[in-house]
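Let's take a friendly walk through a protein chain together. Have a look at the picture first, and then we will go through it piece by piece.

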Amino acid sequence: MFETDGGKIFDKVSKINDFSFSKNTTYGLGGTAKTAYFPKTEQEAIVVFDYLSEKGEKFVVLGCGSNVLAADGVFNGSVICTKYLREISLKDGRLCCMSGVTVGQLLSYCKSKSLSGLEYLAGIPATIGGLTLMNGGINSDHICENVTSVRIYDGKVKELPRENCNFGIKHSIMRDIKCIILGINLSVFAVPREAVEKNVKQRLSARHHLPKGKSCGCVFKNPAGLTAGKLIEDAGLKGCRIGGAVVSESHANFIINEDATAADVYRLIQLVKERVYIKYGVKLEEEVVYIGEFNDFNG
């Protein structure tokens with residue numbers, strides 16, 4: 001049974017009906033979920049997790065929605081949105097971040113405290129919880145190198161040291177279990193504030209070449225020793241289009257929403273995978289996370 005105290009906390013949690021994925025993801029696509037919950041504290045997040053789990057209801061956890069593609073139509077479940085879990089503190093030389101802290105908020109805090117080591121994240125439209133879940137980063141820099149521990153809830157609050165997180169290419173153990181990330185501890189080091197600001201500017205400048213328009217970022221993981229974007233480009237797929245979804249002319253690992261549906265994007269992803277496999281025998285694996293049901297597309 002849902003405990004009385006938990007019920008009292010649950011009643012205080014902000015929620016909305018008919019949550020729009022198109023308004024809450026960087027792709028700007030997808031249908032709706034019947035309900036979305038917006039916890040502001042770890043206890044509220046735990047109570048919502050317990051409530052939905054006890055009901056046996058399907059749910060997804062969503063931060064900035066920067067690496068997801070939600071299906072058109074109605075998602076038969078709920079959303080736990082972490083974007084209000086945004087406290088940061090410094091303890092024993094480590095940053096303690098709640099999962100909804102954004103990259104922008106994190107780097108502003110680092111500038112104010114003259115802390116370095118995370119500037120490579122500059123410009124990534126994500127929360128720290130989402131980045132940790134996906135072991136996100138850029139080029140050879142990934143957040144697993146800074147993570148010292150992750151606090152999760154899977155029915156019990158657990159503190160996972162980095163070595164128990166099973167970090168890999170766009171992967172962590174949190175993707176394999178039913179849980180919600182509550183907080184992340186990150187290693188940083190002290191430098192003059194000017195150095196942090198300079199590093200952030202350099203990282204942002206290096207991202208100027210990335211495609212403009214609505215996207216999820218890179219769609220595919222890089223295969224071992226290869227680059228997904230180069231494989232897609234060499235397969236002659238730049239500019240390939242299905243409906244309003246198009247493979248970017250400037251970076252082939254981006255699929256841009258040009259008045260697309262989620263189904264358009266999904267079908268184009270499957271087409272790209274098929275063409276690259278036929279030409280090179282390489283099976284591309286999606287980095288993007290799907291929400292809802294998609295129909296397979298052949299040819």
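The count of salt bridges here comes to 13, where a salt bridge is a side-chain nitrogen of Lys or Arg within 4 Å of a carboxyl oxygen of Asp or Glu. Please keep in mind that this is a predicted model, in which local features need pLDDT of at least 70 and side-chain atom pairs count only at pLDDT 80 or more, while totals for chains, interfaces and linings use all residues. Residues are numbered from 1 along each chain as its sequence is written, and side-chain values use heavy atoms, with hydrogens and water left out.

Let's visit some of these pairs. Arg 193 forms a salt bridge with Glu 197, and their closest N and O atoms are 3.0 Å apart. Because the two are four residues apart in helix 5, about one helical turn separates Arg 193 from Glu 197. (Helices, H or I with at least four residues, and strands, E with at least two, are DSSP runs numbered from the N terminus.) Arg 193 is partly exposed, with a relative accessible area of 40%; buried means under 20%, exposed over 50%, and partly exposed in between, using a 1.4 Å probe and protein chains only.

Another salt bridge joins Glu 258 and Arg 241, at 2.7 Å from N to O. Glu 258 lies in the loop between strand 17 and helix 7, and Arg 241 in strand 15, so this pair ties together parts that are 17 residues apart in sequence.

Lys 273 and Glu 286 also meet in a salt bridge, at 3.1 Å from N to O. Lys 273 sits in helix 7 and Glu 286 in the loop between helix 7 and strand 18, 13 residues apart. Lys 273 is partly exposed at 22%, whereas Glu 286 counts as buried at 15%.

Four of them form an open sheet in the order 1-2-5-3, with mixed pairing; two strands pair if DSSP finds at least two bridges between them. Strands 1 and 3 are the edge strands, each pairing on one side only. Strand 2 and strand 5 run parallel and are joined by five bridges. Within strand 2 you will find Thr 35, which is buried, with a relative accessible area of 12%.

Finally, look at helix 3. Its buried residues are Val 103, Leu 106, Leu 107, Tyr 109 and Cys 110. They cover an arc of only 155 degrees around the axis, which puts them on the same side of helix 3; the arc is that of the directions from the helix axis to the C-beta atoms.
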